[in-house]
Amino acid sequence: MLLEAFYHVPRDKWAYAYDKSTIHLRVRTKRDDVEQVYAMTGDKYDWNKTYQEFKLEKAAHDGMFDYWEVAVKPKFKRLSYAFKLTSGNEAIYMLDSGIQHHPPTPPGDLYEFPYIHEIDVIKVPEWAKQAVFYQIMPERFANGDPANDPKVTEPWGGTPKIDNYFGGDLQGVLDHLDDLTDLGINAIYFTPLFTSPSNHKYDTVDYKQVDPHFGDNALLKRLVEACHAKGIRVVLDAVFNHCSEGFPPFQDVMKHGEGSKYRDWFHINEFPVTIKNGMPSYDTFGFFGNMPKFNTANPEVKQYLLGVAEYWIKEINLDGWRLDVANEIDHHFWRDFRQIVKKANPEAYIIGEVWSDSLNWLLGDQFDSVMNYPFADKVLNFFNGGMDGYNFANEMGSLIMRYPQQTNEVVFNMLCSHDTPRLLTRVGNDKRKLKLCVVFLFTYIGTPCIFYGDEVGITGGADPDCRKCMIWDPNKQDRELYDFYKLMIALRKKHNALRQGRFRFLHAEHNDPCIVYERMDDKVHFTIWMNNMEKQRTLSHPMDTKDWYDALTGESVVPEKGMMNITLDPFGYRILFRKLK
Ligand code: CA
């Protein structure tokens, strides 16, 4: 066994409370190196009487490591533990004091989870585990009120540019709620709604006013009420990293310079406030001079922005916030943000925009979730032929092992957004590949989100091309694709196994682009079969029970001599299930 590859620390994602009575432990070892891992556990105040040994399961792997996991329910909420790792006749012990060849002499030198404090358990909103999100960019979704259109509004369906308008608004969303209910989604994430000089509204001028091109505050309140009446939750975009240069306090700094009472609201590097050779004399979002960055450590700024967050939760019964450029704002701000938001609505869902490993924000004191862009990139790469099943399983395994389980259950999974090319475009306009991506999204762990219009076949390259107007003419919509999305959404909503069940690859091999994987809870067992290649393929896996059905057609599917053989069309898939009780 390669001792140098062994890893465990008694904190964060390696040892955490899943709920008020359960501790999850994880251990890392070199890939295919260790045969078995056991957790040697007990209560430090009565080790001998409480001693129990648990076998860990291999929960995931990446290219270099295996990850082992076990759930333990200590009787007295305290847990002292060590690990025994075996291969053949060899046994190695891992404990707090290091790695050794002889058994530990408890209770000394053990790892410790001192006590499960309910208040410290990472809690995520239950509803987010059941949610299927739909992302709406209001300017491009539907124009329900031509009276509020911007001065220069182009005909619906024209070419999106960085600065043009098509007149979409909140009335348009209200008018189409029945369409969303028909599709089956039960949560909406809106890109920003507040007063701003741009079409995307990521540069806010007035944080407490709905943009007049979208409607007004009363209409937003009515819209959220109507959504709630239909069982649809609503999450808004909080743009707290930066504002618009038109934001009154920044205007004051521009006008009064060092004498402005708002001078410390921003990161001004040099007065007067200018842009020289394209370089602002103040910190900004990227290098955009029209988006000055807030000094969120300033108590006045913090009070103002946290006031905004609380205001909308209370004013319209908002269900959560998506946090723009969340990783460029300080952790102290986000800790206070969570306190305020969860006090106003304990079930609020907080999703950060962070494009890479985000564990620092996901330990229960800041966000519930992050936008899972790494998921999108890996899934699209795989279904575009960029890697084999073996590497795909490694990549997904490394993603699962980034976070504690409760976080994985609500991580915000999407395949594209307003910031990336459209899904259909990313798969080379091949609907068969799109469907494999979507089946994967809806049968994987985490909260799925659809970008408006993907379900009717909207295409588009990078921003601004991905921000085309929604297609409402049924003759121009891809209704076959729509029905497919509807079916997948319904399937996910029906089965807890697809939301919270165990995920495991059953077939993911070198030089083979096809995969089989399973989801399973105590009621239902799913196996998902995917032919990710251009020719017909029969996939086989040993199965000893005969009670399998096609989840979409209900047809019985029987293995032969203990082997399930599934023949699939090029880029075809099949979802099988059986009831466990
Ligand atoms: Ca309008």
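Visitor: Which elements each supply at least two residues of the lining of the largest pocket?

Guide: In this predicted model, they are strand E1 (15-19), strand E10 (111-113) and helix H8 (331-344). H8 gives the most, with 4 residues.

Visitor: What makes up the lining of the largest pocket by class?

Guide: The lining has 15 nonpolar, 3 polar and 10 charged residues. Of its 28 residues, Ile119, Asp120, Val121, Ile122 and Gly364 lie nearest the centre of the pocket. The space in this pocket is about 670 Å³.

Visitor: Why is the second largest pocket said to lie between domain 1 (3-120) and domain 3 (499-579)?

Guide: Both domains give residues to its lining, so the pocket lies between them. Nearest its centre, among 23 lining residues, are Ala59, Glu69, Gln405, Arg502 and Phe503. Elements that give two or more residues to this lining include strand E5 (57-61), strand E6 (65-72) and strand E23 (502-508). The lining divides into 8 nonpolar, 5 polar and 10 charged residues, and the volume of the pocket is about 540 Å³.

Visitor: Why are H5 and H7 called oblique to each other?

Guide: Helix H5 (residues 217-229) and helix H7 (residues 299-316) pack at an angle of about 60 degrees. Roughly parallel means under 35 degrees and roughly perpendicular means 65 to 115, so the pair is oblique. Their axes are 9 Å apart.

Visitor: Which residues make the contact of H5 with H7?

Guide: H5 contributes Asn217, Leu220, Lys221, Val224 and His228, and H7 contributes Tyr311, Trp312, Glu315 and Ile316. By class, these are 5 nonpolar, 2 polar and 2 charged.

Note on methods
Residues numbered from 1 in each chain as written. Predicted model: local features only at pLDDT ≥ 70, side-chain atom pairs only at ≥ 80, totals over all residues. Heavy atoms only, no water. Axes fitted to C-alpha atoms, helices over the stretch in contact; angles between N-to-C directions. Parallel < 35°, antiparallel > 145°, perpendicular 65-115°, else oblique. Contact = heavy atoms within 4.5 Å. Nonpolar A, V, L, I, M, F, W, Y, C, P; charged D, E, K, R; others polar. 1 Å grid on protein atoms, 1.4 Å probe; cavity = no way out; pocket = protein on both sides within 12 Å on 5 of 7 lines; lining within 4 Å. Points joined across faces, edges and corners; volume = space filled by probe spheres on them. Domains from an automatic or database assignment.
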